[in-house]
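Here are a few notes from my look through this one, jotted down as numbered points. Have the viewer open while you read.

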Amino acid sequence: MNRLPRLTPSRRGLAKNRLLLLLMSVLVLCAAALGADGLASGERSSERASGERIAPQRWSEKYGSLYSQKRLTWKEKGIPSVGMSPIVIPAARSAALSGDARLLSAPIEGKSSVVQLANDQAWVEYDVDVPSDGLYAIALTYIPLKGSFSPIQVGVRLDGDYPYTEARSIQLFRSWKDEPFPPRTNENGDQIRPSQTELSQWTERALTDPNYMEEGPLRWPLTKGRHKLRIESVLDAFALAEIRLYAPEPVPAYEETVKRDQVKKNDAPSGWSMLLEAEQMDRKSDPSVQIQASNDNLAVPASNGKIHYNMMGGFRWNRGGQSADWTFEVPQDGLYYIHLKYMQNFTRDVYTYRQIRLDGRVPFSELAAYAFPYGRQWRVDALSAADGKPFAFYLTRGKHTLTLDAAPSPTMVAREGIRTVMDDFQELNRTIGMMTGIKNRNMVDKNRDWNLAEMMPDLGGQAASLADRLQLQIESLQKLYGNSVQSADGLRAVLQDLRDIAEEPNLLAKRPPEMWAQNIEKMSQFADGLARQPLTLDQIYVTTSPERTVKPPGQWAVLKDWTVNFFRTFSPNYKYYGRRDPEGIDVWVNRGRDYVNVMQQLADESFTATTGIKVNVNLMPNANQLILSNSSGREPDIALGISEGMPADFAMRNSLVDLSRFPDYNDVAKRFHPGTLMPFQYDGGVYALPETVSLNVMFYRNDIMKLLGVKPPETWDDMLRLLPTLKQKGYDFFYNKGNYVPIFLQNGASFYTPDGAQSGLNTAEGFKSFKLWTDLFKVYGFPTEVPSFYMHFRNGDIPIGVSDYNTYMQLLVAAPELTGLWNIAPIPGVRQPDRTIARWSGGSLSSGIIFRSSERQDDAWSFLKWWTSTEVQARFGNEIEMLNGVEFRWNTANVEAFKRLPWPKETAGIILDQWKWYKEVPNVPGGYFTGRELNFAWTKTVLQNKNYREALEQAIFQIDSELKRKQKEFGFVDEDGQQVRKLQVPDLKQPWEGGGAP
C-alpha cells in the first residue's frame, strides 16, 4: 500500500497512465542512447553513443584505476615484491626531455648535472633496465625551486601510461622552519607568530599516495626488461638529481625488533630523561603545521593570560602527509622510551593516526599508523602496544630525529566503501530523475502517484543493497574505533532513508532531488572527515624509564585554571587588540590576529621607518564595531577589511573622507581595475580603496569534459547547447541562484537610471535578463539548492559551474587527488555584434576607508597609499602565505601585486582575462532593496510559478518606492517629490585593458 495521500484514478485511467509512463521511459532511454547533437565540440564519441553514464568516481575503470584496486589485482595475480639492489639513475642520464625541461651544468646546493623542470607539464624520460618481474618502489632526490609555497606535484608514467590514478599527481613536500624561535613579543608581552623559512636542501623521498591513505611507498609493477619511466611536473618547479628504484624492506613487528635488540648492549643511564617542547620543531613539511597558543595554563610553559605559543598542531595539522621533525641526542647506546603530552579533542569517538618514524624509518609496524584516542583533557602517554606495554626503542649514542606524519590510512577502506555507496546512490537518484522528469522540488506533484516499483522491479533491492553496504561501513568503523562512533549519526540517517526506500520504493518520486543531494552531502562530508587527522602536541619526553615522569593535569588543576581564567576576563587587558601609542594613527583591521601582526611588523619596518608616522594596527573582531564607534565618536583613523557595501553607507552619512580630493588620488587609482572602485563611489566622490577582490570564474573537470567529448562553453548559448549532454549523462551545471549580476550586465541592462532616481531594470534588456536568469532554473533545470559546489565538483556529479576564489583554494588545498583533472576558464558571456564576448561579472570586495573625524587625514592617506602599493601588497601576500600555508593566498585587488604572487602562469592569465570584465552594482541610497526584491521576484517566478514579467514589475515598483524614500532622506528630492539635485551614478562601458599579461 502507498502510505502517502493519493488520487485514485479509474482502472482505465490507471492503465493509460502506466502506458504513458512506459512510453516516456522508453523515449528517455532512447534519447540517452542516441546522445545529443548540440554539443560544443560537435564530435560523437563511443562513450556518448552508448548512452552509458560515466560515473564520476569510476572514470578510472576506463582510464586507469585506484591504487587500492590495482593492489588487489596484483595480489590475485601473485606479482611479488622484488628483492634486489637499488637501481640508481642519475638525472642527467635522460633519454628524452620536453622543450621546457633543461639539463643544468651549474651546481645547485652542491649538486651539478641536474634536470630542471621549471614549468607545469615539463617532463623528463629515462630508460630503465629491470632485472626481474615484480613490484618496485621509486624515490626521487629533488630540491624545490622558486614557485608557490604548496607541495610540488609530479606525475609518473610507465611506458607511456599512468599505472593507476594516484600516479597522475604525487606530492613532494618542501621543508620549513619557524624563524625566529623563540618568537618575538610585542609591547603587551604577547608572542608574535614567527615567519616561515623554507629550507632549500636536497631531499630524497619515496613516492607515496598523495592522500596518504596507503601505508608505505607506492608500488610500481614492472616486468623484466627495458621500460620507459617519465617524471612530469604537474605543479611548481623543482630540480631532479637522482631516481632510485628499490625493493622496500618489510617493516617488522615490534616483537621481532625486541628479539633483535635484546642481544645488543644496553648502556642507557638509569633515570635519564630529556624534554622536547613540541612547538620547537626542527623541520616541518607544510607552513600550515603551526605552533599554537593555549587559552589556559595547562600547556607548558604557562601562558598566564598572554599569547604564548606553547604547543603545536591542532586542527591545522590534519591532512595526510603533513609532518613535523624533532631532533634529540641520547648519551649512550641502549633502550629508551618516548612519552607524548597530547590532546585529541576534535571528533568524539574517533581516533587520530600518526605514522611515527625514527631517523626516517618506521621502526616497527605498530607505528605505521599509531592511534591517539579522543579525550577532552591533556594526556601523557608512552608510545605503547595495544595491551598498554610501552615500546622500547634501541637508540645509538648521538643525535636522532623523531618524525610524526598525519596518516589516515586505517580509514581508507571505510572511506572508499562510503564513496562507492555514494556514487551508486547518485546513479540511482539520477535514473529516477530520468524516469520521472523530476529535477527539483518545484517539479514534485504530491497529488500524483508513481509506480516506480513496477517500472524498476529491482529498485527496492538496489536500495536494500546500498543500505547493507553502508551498514557494513558503519560496523567496520565501530570495530576500528571500538565504540559506537556517535559522529556517524549522519550516516545512520542516510541508512534509515535507504531502508525506507527499500520498503517503499515509490518514496523516491515523492521526495525532491535536493533531499537526496543532502544525503549524498552527508556521506561525502563524513568520508572527508575520516581523512582529517588533527592532533595537538605539547611536550615530548625521551627517557630510560617506561613509567611516565610527568603526570597530565588532574581535575583540581583543570578547575583551578578555569577559575583563574574566569576572573582574568574581568581585567581590562584580557583581550589585547593592538598597540595604543597616543602618537600613532589608529588602524582597525577586520581580519585575524596573524594578519594584524604581520601588518604591524611591515608598518614598523617600512612605513614608520620611512615616513616617521607611527601606526597602531588593531584587531577589529566585528565590522559592526564601526557603527558603534561612529555613534560614540570614538572612530579610528583608518579601517581595513571593510565589505563593499559599508563605505557607501558611511559616505551617505558624511562619515568618510572623499579620497578623490587628495592631489595624487588619480595616480593611486591606476593600481586598480576601475570596476573595483565603482561600489565605493558616491555622488561624485570616492570613499574607499579596494584591498581584495574575489572574482567569479568557471570551473570544469577536464577529465569528465574529455569523456563526454565536449568543451567548456564560451557563451550562455554554448552552455544551453551543452546542457542536454550533461543532463542525459546525469550531470549538472552549477550557477549560484543569487548571482544575478553577470546575466544582467552582459545583456546590457543597468540596475539604475543615470541619476539613480529609479531602477534601470524597467527596460527590454532588464526583462530579457530576468527571464534568462529564472529560465536557467525553471526551464533548463539548474539545481536550485547546492549546499557545497566544491563537494559536488570534487565528487564529479556537477563537473562544471561558476564560482569564486574560495572554491579555487579549496580545490587546490583539499582535493589533491584532482590535481591535473580540473581547470578554470572565464565565465560564459554574451556574444556582441562585433563578435567579442561580453563577460561582465562582479565579485566580493574588501576595502580600506578613512574616517572624516580623523585629525590626521593626510597621515592616514599616506598609510592607505603605502598599504595598497604594489610592493607592500606583494610582500604581505607572500608573508601571509608562508605563515599560514597556500590556503591563505592573498587575493589582492592591486593588479600588479597579483602578478607577483605565486599563481601558476596559466591560472593567472585566465584570472586576468576575467578581471578586465569586472564590474559591480553601484551603491545608491536605498539600493539594498534591489537585491532583496530581485530575489523575491526570482522566488515567485521559479518556486511559485508566477509570470516572470509580473514578478519583475512588482519588484521594480518596490525598488522605486524605496529609492524615492531614501533620496528624500538624503536631500536629492524635496518633500513634494521634486528632484533637487541629481546623483552621479558611476558606470563602465568597456573592459579594462590595463591589467596586462601575468
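1. First, a reminder that this is a predicted model, so read the points below with that in mind.

2. I'd start with strand β4, residues 114-117.

3. β4 has a partner in strand β3 (residues 101-104), and the two run antiparallel with four bridges joining them.

4. Next, the open sheet of five strands, which runs in the order β2-β5-β13-β7-β8 with antiparallel pairing. Its edge strands are β2 (96-97) and β8 (170-172), each pairing on one side only.

5. Within that order, have a look at β7 (residues 152-158) against β13 (residues 225-235): six bridges link this antiparallel pair. Q153 finds its bridge partner in β13 at L235.

6. Finally, the surface. W556, L559 and W562 make a nonpolar patch of about 460 Å². L559 sits in helix α12, residues 555-568. Is L559 buried, partly exposed or exposed? It counts as partly exposed, because its relative accessibility is 44%, and that class lies between the under 20% of buried and the over 50% of exposed.

How values were computed:
Residues numbered from 1 in each chain as written. Predicted model: local features only at pLDDT ≥ 70, side-chain atom pairs only at ≥ 80, totals over all residues. Heavy atoms only, no water. Buried < 20%, exposed > 50% of the residue type's maximum accessible area, 1.4 Å probe, protein only. Pairing = 2+ DSSP bridges. Patch = residues over 30% accessible without salt bridge, like charges linked within 9 Å, V, L, I, M, F, W, Y side chains within 5 Å. Areas by Shrake-Rupley, 256 points an atom, 1.4 Å probe, with all protein chains shown as cover. Salt bridge = Lys/Arg side-chain N within 4 Å of Asp/Glu carboxyl O.
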